[in-house]
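I opened this notebook to keep track of what I looked up in one structure, entry by entry.

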Amino acid sequence: MIRSKYSLKMLALSAGILAAAPSAWAQHGTSVAEGDWPDYNGNMAAQRYSPLDQINADNVDDLQLAFEFDTRHFGSQQEFTATFTPLEVDGVLYTTIGAQRDVIALDATTGQQLWQWRAQEGERFDNAPRKGSGRGLAIWRDGDEARILVITPGFYLVSLDAKTGLPDPEFGDNGRIDMQQGLRLGIGRDDLDIGSSMPPFVMNDVVVVGPAMAVSMRPPSASNVKGDVRAYDVRTGEHIWTFQTIPSPGDFGYDTWTAEGAEITGNAGVWAPMSGDPELGMVYLPVESATGDRFGGDRPGDNLFSTSLVAVDVETGERQWHYQIIHHDIWDWDNPAAPILADLPNGRKVVMQVTKQAFVYTFDRETGEPIWEIEELPVPEGDVPGEWYSPTQPFPTKPAPFDRQGVSEDDLNDLTPEIKDAALEAIKPFRLADNLFSPPSLKNAEDGTQGTLALPSATGGANWEGAALDPETGMLYVPSRTVATVLSVDKDQRSSVDFSMALGVRVPRAMGLPIIKPPYGRITAIDMNDGEHEWMMANADTPDWIANNPALEGVDVPRTGVETRSGLLLTKTLLFAGEGVGGGPMFRAHDKETGEIVHELELPGTQTGQPFTYEHDGKQYIGMVVSPQGQPAKLVVYTLP
């Protein structure tokens, strides 16, 4: 039975605060509790949850295509893998689309296009480090007034009238703010390596923008533009505050940088989505690592606030609390996803950060006090000349890791004895990461090795897909991937940096199979009331390239999953999961308590944008962006007959 917008609104009022969508997190004049999807992750708490239940276990196998919308006619070139997630408010879908990141509005029941806006940035677009449709946009409403906020590839913050798509003349310079102005630039660098693929974050009439740079595995210099976070008045575009993720002299945290690291170093942006608590007035910033991703000899010290979770006051930008998740990050394990907020059934008000290294760091969201003890434990020191190594790193005591960490011989592929022997032979040129924080090593080390074989890789564990939280039960569902990497550094002759990611060193395979035993992609359910794992399952069936490998002829191969991170969506009754970028075209409905597959829906392409749901005119819809192989991406939306 569908929960209509009206009945849900009355339920929320009578209950005071609905567990699924506290009134504090419904600032757009609507919420998931009223059947809309007004934020990138559903709500400001980044829960990816909706209490809609018209589509349930009894009828999910009746889902049929309501409409699809093709991206092929947008942008200067076709986009074959798109990862944007539309918003839905009052029967209208708003989304970015196409290589130039146009913005369009669609009728949410038919897919009819209502309006389109295009940036036309010319050379500014050509030089942008983060092109394409990006991940999405944000909406702000005050009564009948509504604005769409988007960050362009050329790094403008733009405000559009939600009804017409026209720029708001009262915001900034005729609807836009040039985000290239006011930056702390890299010393000695002429290029502006900065942009963003994520939507801005809007709360309490403030729009917050976090930047991203090009991947820093092989930076041309140790110097780069700094990833400061900036905030603006959502009505006027007036600049309100800047939070310096790399402190200036005299600021808190500056003493964690020695030599001249804080002066020259860049990055440390917030490229992931953000989240916030409007009642506390706090925005939670998942800060990334500093320049560069594999070598930090030019920035000795712990390097606050790189790879930290930072809570700031949304009105002033003042730091309320912080926790550094990695000291002196040289693994590219920056915080990749929006921190998830929840009022748990046990009464705790928490914020949870899922990480690339497969931990869930969990804190009281007001004070920053860890919910479970986090231990500072000794970690190995490396032997790369000129590198600085932190003697300890923080390890949460709960929850247990949701994916594999480190590599030993026990982790090698052992589907047959012959495959295990081949794996043992293949790893001989490498050191094994006997600790999660085993550091990178030289491509041509004195011991004859080419690098350190490690888990997880720089793409996770978890990544930008984040996780989903059921506020009624406190269950967290985390998609992750188990793919080994080689931490190997070498001198790049085109760079002034002593070392960066080595070229030509690849993760070995064993008889054409992954060097690590399956599963290769998984979904893990964790009860955040007590921090205990409830279940784990592979994210997909065994792909043909594994199942049909001659080395496995006659072998009963377990369900291996695929080397991807699933896009998740939670509803009142079901957990929905696609296979994510690089996976197959299957979309599954799972029993939330057990993980059991309730239904499989074959899509016209692989789920690459995050799935979302909404209700309009008495019908519930589920949509997502899919990317068919060799064809432009498209938005598909499903409903019941």
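**Entry 1, a proline in a loop.** I looked up Pro199 and found it in the loop between strand 9 (176-178) and strand 10, where helices (H or I, at least four residues) and strands (E, at least two) are DSSP runs numbered from the N terminus. The model is a predicted one, in which local features need pLDDT of at least 70 and side-chain atom pairs count only at pLDDT 80 or more, while totals for chains, interfaces and linings use all residues. I also note that residues are numbered from 1 along each chain as its sequence is written, and that side-chain values use heavy atoms, with hydrogens and water left out.

Is Pro199 buried or exposed? Pro199 has a relative accessible area of 10% and counts as buried, the term standing for under 20% relative accessible area, with exposed for over 50% and partly exposed in between (1.4 Å probe, protein chains only). Leaving out residues up to four places away in sequence, I listed Tyr40, Arg135, Gly136, Leu137, Ala138 and Ile151 as the residues that Pro199 touches, contact meaning heavy atoms within 4.5 Å. I also checked Pro199 against Val287, which is 88 residues apart from it along the chain, and the two C-alpha atoms are separated by 15 Å.

Strands of a sheet pair through backbone hydrogen bonds, either parallel or antiparallel. Strand 10 pairs with strand 11 in the antiparallel sense over three bridges, and Met203 has Val206 of strand 11 as its bridge partner. The hairpin of these two strands has two residues between the strands, and Asn204 there takes a positive phi near 55°.

Which residues cover the two faces of strand 11 (residues 206-209)? I found Val206 and Val208 on one side and Val207 and Val209 on the other, all of them buried. Strand 11 is in turn joined to strand 12 (residues 229-233) by four bridges, and the two run antiparallel, with Val209 standing opposite Arg230 in strand 12. Arg230 also has a bridge partner in strand 13, namely Thr242, and strand 12 pairs with strand 13 (residues 239-243) over four bridges in the antiparallel sense. The hairpin of strand 12 and strand 13 has five residues between them, and Gly237 in the turn has a positive phi of about 85°.

Past strand 13, I stopped at Thr256, which lies in the loop between strand 13 and helix 3 (261-264). Thr256 counts as buried at 17% relative accessibility, and, residues up to four places away in sequence not being counted, it touches Pro300, Gly301, Asp302, Asn303 and Leu304.

I then looked up an open sheet of four strands in the order 34-35-36-37, with antiparallel pairing. Strand 34 (568-570) and strand 37 (597-602) are the edge strands, each pairing on one side only. Within this sheet, four bridges join strand 35 (residues 574-577) to strand 36 (residues 586-591), and Leu574 stands opposite Asp591 in strand 36.

How many cavities of 30 Å³ or more does a search of the whole structure find? The search finds seven. On a 1 Å grid over the protein atoms alone, a cavity is a set of points where a 1.4 Å probe fits but cannot get out, a pocket is an open set with protein on both sides within 12 Å along at least five of seven lines, and lining residues have an atom within 4 Å of a point. Grid points are joined across faces, edges and corners, and a volume is the space filled by probe spheres set on the points.

The largest cavity has a volume of about 150 Å³ and is lined by 19 residues, with Asp39, Tyr40, Pro200, Phe201 and Met274 nearest its centre. Strand 6 (138-142) and strand 10 (201-203) each supply at least two residues of this lining.

For the largest pocket I noted about 580 Å³ of space and a lining of 30 residues, of which Arg130, Arg135, Val215, Trp271 and Trp464 lie nearest its centre.

How values were computed:
Pairing = 2+ DSSP bridges.
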